[in-house]
Amino acid sequence: MRRGRATPSPRRPGGRAASRRAPRGTLGRGRAGAMLTSRTFLKRTRAGAVVKVVREHYLRDDIPCGADACPLCPVRPDQPLGLEARPSGAASGLCPGPHYLLPDTNLLLHQIDILEDPVIKNVIVLQTVLQEVRSRSAPVYKRIRDVIGNPEKHFYSFTNEHHRETYIEQEQGESSNDRNDRAIRVAVKWYSEHLKKIQNEENEDIQVIFLTNDRNNKEKALEEGITAYTCEEYIKSLIDNPDLVDRLACVSDEGKEIESGKIIFPEHVPLSKLQQGIKSGIYLQGTYRASRDNYLEATVWVHGDAEENKEIIIQGLKHLNRAVHEDTVAVELLAKDEWVAPSSVVLQDDGQNEDDIEMEEKKENILKISVNKNMLRPTGKVVGIIKRNWRPFCGMLSKSHIKEARRHLFTPADRRIPRIRIETRQADKLEGQRIIVAIDGWPRNSRYPNGHFVKNLGSAGDKETETEVLLLEHDVPHQPFSQNVLSFLPKMPWSITEKDMKYREDLRHLYVCSVDPPGCTDIDDALHCREIGNGNLEVGVHIADVSHFIRPGNALDDESAKRGTTVYLCEKRIDMVPELLSSNLCSLRSNVDRLAFSCIWEMNQKAEILNTRFTKSIINSKASLTYAEAQMRIDSAAMNDDITVSLRGLNKLAKILKKKRIDNGALMLSSPEVRFHMDSETHDPIDLQTKELKETNSMVEEFMLLANVSVAQKIYDEFPEFALLRKHPAPPPSNYDILVKAAKSKNLEIKTDSAKALAESLDKAESPDFPYLNTLLRILTTRCMMQAVYFCSGMDSDFHHYGLASPIYTHFTSPIRRYADIIVHRLLAVAIGADSTYPELTDKHKLADLSKNLNYRHKMAQYAQRASVAFHTQLFFKTKGVVNEDAYILFVRRNAVVVLIPKYGLEGTVFFEEKDKPTPKLDYNSEVPSLTVEGTTLCVFDKVKVNITLDASNIQHQKIRMELVEPKILASGVPAHLSTEMSSYNEPEKKKKKLQQSNSKVE
Ligand SMILES: [Zn+2]
């Protein structure tokens, strides 16, 4: 259960305050000032029956108003101070005196950006409002809870529904909406009376200001003598903060919309009709995906079991009908004679013809010319929106050319998102800055949606700003952990207690050590190996016991599950769990006692497993080594201490294990993985280095793989329906076409009928005068692979891990940085009787949902990491000037080649066509992958030379630009330049393919 702060428990009022209490009413009351009332209502059960529910509802008079040092209310030492006695908010021309704000539900839902602004303080959030917000928008609910939890904001959540004087019953014929509006006004009224009695130190009355944008509600409030303003009125009255107006959401006024301007879009069908239509099959429900290259085109992926993943094309502004990327929409199919083909035209919306709809229609016609009849696909139009999926968007302001203009267009970094019209007075200040904008609505007469400015992230190109942008754009949760989450951490100083020892083996005497990259502070795993009497070896993999600290269902667990993974950027790590755990209590550092989950094998000298057991343990690592240090010990004949002997044993076994895996058909692929050397002071990249692998890297990896396989088998045996596993599907045969053809062009044969055949033919694919060819072939092979994913064993039948050639696999060895491992630890602990279970752990639908989130988070983490590398690559080349490097052609396309620069692990797509320039003569041959440009033929795997520079002409989308130096393409006026877009957070689609493919560690 979550800990809530909203409902205070019955508690005797504090003495001082009680003596000065106002006289109580005469209503009957129970013990300690609590009065019981009951509410009866009818509720429909899942099975359809109607039951009468009587809910006991306690009313109290010991709920404080929240004003600091209010003499009338009980002191509650367990509750943080809420409202300031001398409100320190911004000065308002409308209400110059001290005041608290009290917003209604809609205001909170729509103007949360305003309420979050540091200027706004001392706000009363009613329980009624909070409950309504919770049921209407989970994200806004979370945001307001965070604001209430922030002591600097002085927000106070008042439990009006349990307060004897503010609770009201629903009246006959009154809708619950109206009842709640009335409850809010009653609470405002109560506050104004209550505050009149207390006066602050300056003997001024503190006023309560009711904020509502609802015209009716405001009128009623004024009639009742309540001071009420709309959000806009109040914000505009803030004397020293004129810029805050920018953050106001522009809530569309239905009436206004019709009057002004021409209607561009058809009306949206209301939700109830949409649902009927979907049921009867007139409409189809799906996810709207805007095209990145063509703003007049989108596809809708239809949900539902009947026609799984059916794709419908939508073309043209009116048919797109104001849907935004990722919205859930309803579409109507067009008649067959109106079907279109996906266009190959690239159309970027330049925002020039904002209100020139005829111009747009001309553009739409371009899409329809010269379409091959065979290419026609089901085509439809958006008739309504089922669920908006708007989030705050990063991007830049495109300042209006009109002088003194307040309305400007905002260009999101993600090209699939339309431009957004915002109003701001700070356009000069915001130019060149990365900003965040939220969409408020999209009226029928507006070419673009309306939105408002949310936040300035900083100058474009600035390192911190760009890091923030890429985290936001990849949906990486990266806010500091909330107080609520942190409250579930162990209290310091922490030590191991008797109780902790109960189900644990004491393994502190073993010569356990860890081997990691230099500077690693989150040490998940440690190992040991020793001879046991019978000539066999005992090998232990000891994993941080994170599930000991993170208990199911609390806020810490929920947050870790949501984050799913730690995200590693070039210069920053975004932890999945708070630092106290990741870098201290869970980290298996040397010479301290740590809790672990151990997997221990007995093996013979041939690395055959004779026995496997699992136990929770306590270890004391004897050394935290880097790969290089471990390697040095193994290689140094003079060293024969216990740690070194243990490492040599591990290394010897690992080599045998690796050989066995390869013989089994496991793939050994490679990808040039780039690491930056950072200047430790400025954090600027000073050198790019492709990662070098030592024998000890592979030693640790071998044992982690083995532990993961052993644990996978164990949890599957114990919980055939509920094991969280990881699989890697075999790619469809056609994926290998590109590899097979490329190899054939060098007279090499690659077999792809099985992983084993593939691995063997890759081993044989050598060319004596071209040693790098084998690496290139392995890189190409990685591009043919599928993505490995988590799944629940009860929901799937295919468990195979293709890349590892293992029939079963899971993740057990990195619980500090992967949430899947925490679940696997819990399952294993239950399996061996070391911990108790809980309902969600053995619910396959819950596990399937969890897997979905984890797969998403892992994918986004990879993209974010890529984007970070891309950004640092740009920074690197910015300082380098023009660089001349060797490169290899990896792929050949119709109008481009893709090259790889091994030195930097840098890859670029290279186009030979340029806007406004004559097209060079291009001749593409798909059989021998090659492209002939103006008589010069470029083949796959050819070695070329390129010039690399940074093109910063478009500040939002910087590019690494390359020029072909060798071979020189001789053509009249055609610059043979290659361009590679490196601002990859704009390119998730393209990158998706790249990533799927380049992830050499398919594990
Ligand atoms: Zn009070």
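**Reading features of a predicted model**

Me: Is Y716 buried, partly exposed or exposed?
Reply: Y716 is partly exposed, with a relative accessible area of 28%. Keep in mind that this is a predicted model. Buried means under 20% relative accessible area, and exposed means over 50%. At 28%, Y716 falls in between, so it counts as partly exposed.

Me: How do I describe a pair of aromatic rings?
Reply: Give the distance of the centres and the angle of the planes. Now the case here. A search of the whole structure finds 12 aromatic pairs. One of them is Y716 with F799. The two ring centres are 5.2 Å apart and the planes stand at 85 degrees, so this pair is edge-to-face.

Me: Where in the chain do Y716 and F799 lie?
Reply: Y716 is in helix α22 (residues 695-718). F799 is in the loop between β30 (789-792) and α26 (819-831). The partners are 83 residues apart, and the pair links distant parts of the chain. F799 is buried, at a relative accessible area of 12%.

Me: Which residues form an aromatic cluster?
Reply: Look for Y156, F158, W190 and Y191. They form one aromatic cluster.

Me: Which ring does the charged end of K727 sit over?
Reply: The ring of F791, and the charged end of K727 is 5.3 Å from its centre. A second case involves R447, which lies over the face of Y448. There the distance from the ring centre is 4.5 Å.

Me: Next, the metal. Which residues are the protein donors of the zinc ion?
Reply: Read a metal site donor by donor. The donors are C65 (SG), C70 (SG), C73 (SG) and H194 (NE2). They lie 2.0 to 2.3 Å from the zinc ion.

Me: What is the geometry of the zinc site?
Reply: Check the angles. Four donors count as tetrahedral if all angles lie between 85 and 135 degrees. Among the 4 donor atoms here, the angles are 101 to 114 degrees, so the site is tetrahedral.

Me: How are the zinc donors spaced in sequence?
Reply: The spacing is C-x4-C-x2-C-x120-H. C65 lies in the loop between β2 (50-60) and β3 (99-103), and H194 lies in helix α6 (residues 176-196), so this pair ties together parts 129 residues apart in sequence.

Me: Are C65 and H194 buried or exposed?
Reply: C65 is buried, with a relative accessible area of 0%. H194 is buried too, at 7%.

Me: On to strands. Which strands does β13 pair with?
Reply: Follow the bridges from strand to strand. β13 (residues 393-398) pairs with strand β16 (residues 433-441) over 3 bridges, in the antiparallel sense. F393 has V437 in β16 as its bridge partner. β13 also pairs with strand β14 (residues 407-412), again antiparallel, over 4 bridges.

Me: How many residues of β13 are buried?
Reply: 5 of its 6 residues are buried, and the strand is mostly covered.

Me: How many bridges join β16 to β17?
Reply: There are 8 bridges, and the two strands run antiparallel. V437 has F453 as its partner in β17. Strand β17 (residues 450-459) is mostly covered, with 7 of its 10 residues buried.

Me: What is the strand order in the open sheet that includes β35?
Reply: The order is β34-β35-β36, and the pairing of these 3 strands is antiparallel. The edge strands are β34 (922-925) and β36 (936-939), each pairing on one side only. From one strand to the next, the twist averages 15 degrees. β34 and β35 (residues 930-933) are joined by 4 bridges. Y924 has L931 in β35 as its bridge partner.

Me: Last, the backbone. What should I expect of phi and peptide bonds?
Reply: Most residues other than glycine have a negative phi, and most peptide bonds are trans. Now for some exceptions. M492 and P493 are joined by a cis peptide bond, with omega about -5 degrees. P493 lies in the loop between α15 (483-486) and α16 (498-501). P967 sits in the loop between β38 (959-966) and β39 (977-981).

Me: What is phi of N591 and of A805?
Reply: Phi of N591 is near 65 degrees, a positive value. N591 lies in the loop between α19 (579-585) and β24 (593-603), and it counts as exposed at 56% relative accessibility. Phi of A805 is near 50 degrees, also positive. A805 lies in the loop between β30 and α26, and it is buried, with a relative accessible area of 18%.

Definitions and conventions:
Residues numbered from 1 in each chain as written. Predicted model: local features only at pLDDT ≥ 70, side-chain atom pairs only at ≥ 80, totals over all residues. Heavy atoms only, no water. Donors = N, O, S within 2.8 Å, 3.2 Å for Na, K, Ca; no water. Tetrahedral: all angles 85-135°; square planar, octahedral: opposite > 155°, others 65-115°. Buried < 20%, exposed > 50% of the residue type's maximum accessible area, 1.4 Å probe, protein only. Phe/Tyr/Trp six-rings, centres within 6.5 Å; stacked < 30°, edge-to-face > 60°. Lys NZ or Arg CZ within 6 Å of the ring centre and 35° of its normal. Pairing = 2+ DSSP bridges. Axes fitted to C-alpha atoms, helices over the stretch in contact; angles between N-to-C directions.
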